[in-house]
Amino acid sequence: MAKKQPSFEEQLLELEALVKKMEEGAMTLNETLAAYESGMKLSKALTEALDTAEKRMLELSGGEVKAMEDAP
């Protein structure tokens, strides 16, 4: 059975937790390197997800994406 891909929001929360843990400064060098590597992978996945969403929005809007003004 295939492993479920975490949602964008779950990946973002994981990245934020990694950054917070690294900022605390209580990790060993090896732990920090492993966290950095994981963070870079998450960052890449999040960027790709945002790029895909932007492309889809452009397709749906006929090539024009307008800025949301006065959004709640």
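Contact here means heavy atoms within 4.5 Å. The model described in this report is predicted.

Gln-11 lies in helix H1. Leaving aside residues up to four places away in sequence, Gln-11 touches Gln-5, Pro-6, Leu-42, Ala-45 and Leu-46. Between Gln-11 and Ala-45, which stand 34 residues apart along the chain, the C-alpha atoms are separated by 8.3 Å. The relative accessible area of Gln-11 is 7%; because buried means under 20% relative accessible area, Gln-11 counts as buried.

## Arrangement of H1 and H2

Helix H1 covers residues 8-24 and helix H2 covers residues 29-60. Their axes come within 9 Å and cross at roughly 150°. Angles over 145 degrees count as roughly antiparallel, and H1 and H2 are therefore roughly antiparallel to each other. The crossing in which H1 passes H2 is left-handed.

## The contact between the helices

On the H1 side, the contact is made by Phe-8, Gln-11, Leu-12, Glu-14, Leu-15, Leu-18 and Met-22. These residues meet Thr-32, Ala-35, Tyr-36, Ser-38, Gly-39, Leu-42, Ser-43, Ala-45, Leu-46, Ala-49 and Leu-50 in H2. Sorted by class, this contact of H1 with H2 has 12 nonpolar, 5 polar and 1 charged residues.

Leu-46 is one of the H2 residues in this contact. With residues up to four places away in sequence not counted, Leu-46 touches Phe-8, Gln-11, Leu-12 and Leu-15.

## The nonpolar core

Which residues form the largest nonpolar core? This core has 6 residues, namely Leu-15, Leu-18, Met-27, Ala-35, Leu-42 and Leu-46. H1 and H2 are the elements that give two or more residues to the core. The most comes from H2, which gives 3 residues.

Technical notes
Residues are numbered from 1 along each chain as its sequence is written. This is a predicted model: local features need pLDDT of at least 70, side-chain atom pairs count only at pLDDT 80 or more; totals for chains, interfaces and linings use all residues. Side-chain values use heavy atoms; hydrogens and water are left out. Axes are lines fitted to C-alpha atoms, for helices over the stretch in contact, and angles run from 0 to 180 degrees between N-to-C directions. Helices (H or I, at least four residues) and strands (E, at least two) are DSSP runs, numbered from the N terminus. Angles under 35 degrees count as roughly parallel, over 145 as roughly antiparallel, 65 to 115 as roughly perpendicular and the rest as oblique. A crossing is left-handed if the near helix is turned anticlockwise from the far one by less than a right angle, and right-handed if clockwise. Ala, Val, Leu, Ile, Met, Phe, Trp, Tyr, Cys and Pro count as nonpolar, Asp, Glu, Lys and Arg as charged, and the others, Gly among them, as polar. A nonpolar core is a set of buried Ala, Val, Leu, Ile, Met, Phe, Trp, Tyr and Cys residues joined through side-chain atoms within 4.5 Å. Buried means under 20% relative accessible area, exposed over 50%, partly exposed in between (1.4 Å probe, protein chains only).
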